[in-house]
Amino acid sequence: MKTLAIVIGMVYRQGRVLMLKREPGKRHAPGRWEPVGGFLRRHEAAERAVLRQANERAGLDARIVRSGGAFECEDGGAWWIVKPFLLEPVSSDARVELRNGHVDFKWVTPRELLTLDCVDGIAEDMQALGLVI
Amino acid sequence: MKTLAIVAGLVMKEGRVLMLKRRRDRRHAGGKWEPVCGFFEEHEAAEVAVVREVFEETGIQVDMVRPGDAFELYDDGANWIIKPFLLRQRCTAPIVLDGEHEAFVWATPDEVLEMDCVGGMAEDLAAVGVIEPASV
C-alpha cells in the first residue's frame with residue numbers, strides 16, 4: 001500500500017461548497033467529484049499548498065477560514081493522509097476558471113453533495129471542518 | 001501557523017530504537033534527540049520517503065515492519081502531521097551520520113522516554129505499537 005499526503009480545500013460561499021469533476025481519462029477516480037486539492041511540495045506548508053491548489057485548479061484566490069484535523073482514508077488502492085481546510089474566495093464574484101485536471105464544476109449545498117459521485121473521504125472532510133452533512 | 005507533513009522512521013534492533021542527536025547549532029530543536037524524520041518529496045509515498053530518509057541520515061538499509069496512524073502535533077512554533085513507521089535494519093552495516101546529526105544511540109523505549117527529545121516521541125512509539133498508548 002502506498003501512503004500519500006495531500007491537502008484539500010472546501011471553498012465555501014453562501015452555503016455552498018465548490019466541487020470539481022475529474023477528467024474521465026484520469027487513472028485515479030475518473031469522472032468523480034472532489035474539492036480543490038493536491039500534493040504538498042517538498043517543505044511546503046499545508047496552508048500554502050491548499051491556497052496554491054485553489055488557484056491552480058480553479059483559478060480562485062482564496063483565504064483560509066479554518067483547518068480540520070488530519071485524517072487517513074483508503075481510496076483507489078492507496079492510503080491517503082488528508083489535511084482539510086475550509087476556504088473562502090477573496091473576491092465576491094468567485095469566478096471559477098478550471099485550469100487542469102477537471103472538466104466541470106458546481107457550487108453545491110452539503111445535502112446535494114450526498115447525491116454526487118465523489119472521491120472517498122468527503123464525509124470525513126466535511127466532518128473535520130465542522131460542515132455537517 | 002504553518003502545518004508541515006513529515007515521516008518518522010523508528011528503526012528497531014534487538015528491542016532498541018535508533019535515536020539521532022540533532023546538531024547543537026541547528027535552528028530548530030538543536031541538541032535534541034529524534035528518530036529519523038524528514039519531508040515527503042512531491043508525489044512520493046510515505047513508505048518510500050521514510051526508507052530514503054533513513055538511508056540519507058544514517059547510511060543503513062531498512063525493511064518495513066509496519067506503519068502507525070498519522071497524528072498531528074504542535075511543536076516548536078509549527079503544526080506537524082507525522083506519519084510514523086516501524087522499521088528493521090536489514091544488515092549490520094555501520095551507521096554513518098549525515099551533517100544534520102552529531103551522535104546516535106540505540107535506546108530502549110523506556111530510555112527514549114527519558115531523553116531530551118523533539119515533540120511527539122511518545123506518540124511515535126505508541127502509534128507503531130512499541131509502547132502502550134497509556135504511556136503517552
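How many residue pairs are in polar contact across the interface of chain A and chain B? I began my notebook with this question, keeping in mind that I was looking at a predicted model.

**Entry 1: the interface**

I looked up the polar contacts and found 9 residue pairs across the interface of chain A and chain B, both residues of each pair being at pLDDT 80 or more. I then asked which parts of chain A supply the side that touches chain B, and noted that strand E1 (2-13), helix H1 (46-58) and strand E7 (78-89) of chain A each supply at least two residues of it. E1(A) gives the most to this side of chain A, with 4 residues. When I sorted the residues on the side of chain A that touches chain B, they divided into 10 nonpolar, 4 polar and 7 charged.

Next I looked up the extent of the interface, where 21 residues of chain A are in contact with 22 residues of chain B. The area buried between chain A and chain B is about 1700 Å², and carbon and sulfur atoms give 55% of that area. I also looked for salt bridges, and the rule finds 4 of them across the interface of chain A and chain B. I wrote down a salt bridge in which the side chains of Lys83(A) and Glu72(B) meet, at 2.6 Å from N to O.

**Entry 2: Met19(A)**

Is Met19(A) buried or exposed? Its relative accessible area is 0%, so I recorded Met19(A) as buried, the cut-off for that word being under 20%.

Leaving aside residues up to four places away in sequence, I listed what Met19(A) touches, and among these residues are Trp33(A), Pro35(A), Phe105(A), Val108(A), Leu113(A) and Ile122(A). For Leu113(A) I also noted the spacing: Met19(A) and Leu113(A) are 94 residues apart in sequence, while their C-alpha atoms are 8.5 Å apart in space.

**Entry 3: chain B as a whole**

I looked up the elements of chain B and found 3 helices and 8 strands, which follow the pattern β-β-β-β-α-β-β-β-β-α-α along the sequence. The radius of gyration of chain B is 14 Å, close to the 14 Å that the globule rule gives for 136 residues, so I noted that chain B is as compact as a globular protein of that length. Along the principal axes, the C-alpha atoms of chain B fill a box of roughly 40 × 35 × 35 Å.

Buried residues make up 51% of its 136 residues, and, of the contacts in chain B with a separation of 6 or more, 65% are between residues 24 or more positions apart.

Conventions. Residues numbered from 1 in each chain as written. Chains lettered and ligands numbered in written order. Predicted model: local features only at pLDDT ≥ 70, side-chain atom pairs only at ≥ 80, totals over all residues. Heavy atoms only, no water. Contact = heavy atoms within 4.5 Å. Buried area = accessible area lost by both parts, 1.4 Å probe. Polar contact = N/O pair within 3.5 Å; in protein donor to acceptor, adjacent residues only side chain to side chain. Nonpolar A, V, L, I, M, F, W, Y, C, P; charged D, E, K, R; others polar. Buried < 20%, exposed > 50% of the residue type's maximum accessible area, 1.4 Å probe, protein only. Rg over C-alpha atoms; globule rule 2.2 N^0.38 Å.
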